[in-house]
Amino acid sequence: MIEALFEAEAGYATPKMGVRAAVFDEAGRILMVRETADDHRWTLPGGWADVNQTAAESASREVFEESGFIVRPMKLAAAWDKARQGLVLGPFSITTLWFICALEGGEATTSLETSEVGWFAEDAIPTDLSERRVNPRQIERMFAHWRNPDLSTEFD
């Protein structure tokens, strides 16, 4: 099965690119969505970066598709390799770009990808996080970047 997966890949092996968006409301709560795929757990909106879109455009698109909110990326907070972040791994190497985003409009709307949309205070983050997508430390770091926009971009 794994062999068939890689047979379709041509060229030099490079990491896949993902995006995640940390969106905060006026009360300082972070936007999270409950995924319908895989584990039905909570995560920050995000997914794959698309061809012919910048990473920031992909992050904005993912937020809208998964939550109904319109956002504007303000800061690249982190560029983390999934394997080094303690997340459940798949067969590919994945680097995820994490953006701090300004909320510009829209309203909470679920999609084919999400069953719930919610805003959570830092001390009330759901414990049933999607272990393939996000961990508590990463969410903690997004709050730190939101509180202090002058923090340098983190990477591993």
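This section describes the strand pairing, nonpolar cores and aromatic contacts of a predicted model.

Strand 5 (residues 69-81) and strand 6 (residues 94-106) pair in the antiparallel sense, with eleven bridges between them. Within this pairing, Val71 has Leu103 of strand 6 as its bridge partner. Strand 5 also pairs with strand 8 (residues 154-155), here in the parallel sense and over two bridges. Ala79 is bridged to Phe155 in strand 8.

The largest nonpolar core holds 17 residues, of which Ile30, Met32 and Met142 touch the most other members. Two or more residues of this core come from each of strand 1 (16-24), strand 2 (30-35), strand 5, strand 6 and helix 3 (136-147). Twelve residues make up a second, separate core, and Val19, Leu31, Val63 and Trp119 are among them. In soluble globular proteins, nonpolar side chains tend to be buried together. When neighbours within four places in sequence are left aside, the contacts of Ile30 include Ala22, Val23 and Phe24.

Five aromatic pairs were counted in the model. One of them joins Trp42 and Phe120 in an edge-to-face arrangement, with 5.0 Å centre to centre and 75° between the planes. This pair links distant parts of the chain, as Trp42 lies in strand 3 (residues 42-43) and Phe120 in strand 7 (residues 114-120), 78 residues apart. Trp42 has a relative accessibility of 5% and therefore counts as buried. Phe120 is likewise buried, because its relative accessible area of 17% falls under the 20% cut-off.

Trp80 and Trp98 form an aromatic pair that is also edge-to-face, at 5.4 Å centre to centre and with 65° between the planes. Trp80 belongs to strand 5 and Trp98 to strand 6, so the pair ties together parts 18 residues apart in sequence. Both Trp80 and Trp98 are buried. The strands that carry these two residues are those paired in the antiparallel sense over eleven bridges.

Lys16 is placed over two aromatic rings. The charged end of Lys16 sits over the ring of Phe92, at 4.6 Å from its centre. Lys16 also lies over the face of Trp48, where the distance to the ring centre is 5.8 Å.

Terms used. Residues are numbered from 1 along each chain as its sequence is written. This is a predicted model: local features need pLDDT of at least 70, side-chain atom pairs count only at pLDDT 80 or more; totals for chains, interfaces and linings use all residues. Side-chain values use heavy atoms; hydrogens and water are left out. Rings of Phe, Tyr and Trp (its six-membered ring) pair if their centres lie within 6.5 Å; planes under 30 degrees apart count as stacked, over 60 as edge-to-face and the rest as tilted. Helices (H or I, at least four residues) and strands (E, at least two) are DSSP runs, numbered from the N terminus. Buried means under 20% relative accessible area, exposed over 50%, partly exposed in between (1.4 Å probe, protein chains only). A charge sits over a ring if NZ of Lys or CZ of Arg is within 6 Å of the ring centre and within 35 degrees of the ring normal. Two strands pair if DSSP finds at least two bridges between them. A nonpolar core is a set of buried Ala, Val, Leu, Ile, Met, Phe, Trp, Tyr and Cys residues joined through side-chain atoms within 4.5 Å. Contact means heavy atoms within 4.5 Å.
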